[in-house]
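Please examine the sequence and the structure shown here before reading the briefing.

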Amino acid sequence: MVLLGLSVQYLIDLVVAGVSLMIGFGIFALIASILCSAAFINNAKDVY
């Protein structure tokens, strides 16, 4: 039973780590896309 509890705890830790990693990457991607679009808009303004 100890092994079963350990594996369940390991799975929970793995899921939590995966979710937090996805949230972190999502925030990073959001900031990166906002910065890229802002830079693109500024460049477009200069061109036209």
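The following points cover the fold, the annotated region and the surface.

This is a predicted model, in which local features need pLDDT of at least 70, side-chain atom pairs count only at pLDDT 80 or more, and totals for chains, interfaces and linings use all residues. Residues are numbered from 1 along each chain as its sequence is written, and side-chain values use heavy atoms, without hydrogens and water.

**Fold**
- Helix α1 spans residues 2–47 and contains V19.

**Annotated region**
- An unreviewed UniProt entry lists residues 14–41 as "transmembrane region"; UniProt positions follow the numbering used here, feature names are shortened, and annotations may be inferred rather than shown by experiment.
- Residues 14–41 are 100% helix and 0% strand, with their end C-alpha atoms 40 Å apart.

- Of the 48 residues in the chain, 0% count as buried (under 20% relative accessible area, with exposed over 50% and partly exposed in between; 1.4 Å probe, protein chains only).
- V19 counts as partly exposed because its relative accessibility is 41%.

Definitions and conventions: Helix = DSSP H or I, 4+ residues; strand = E, 2+ residues; numbered from the N terminus.
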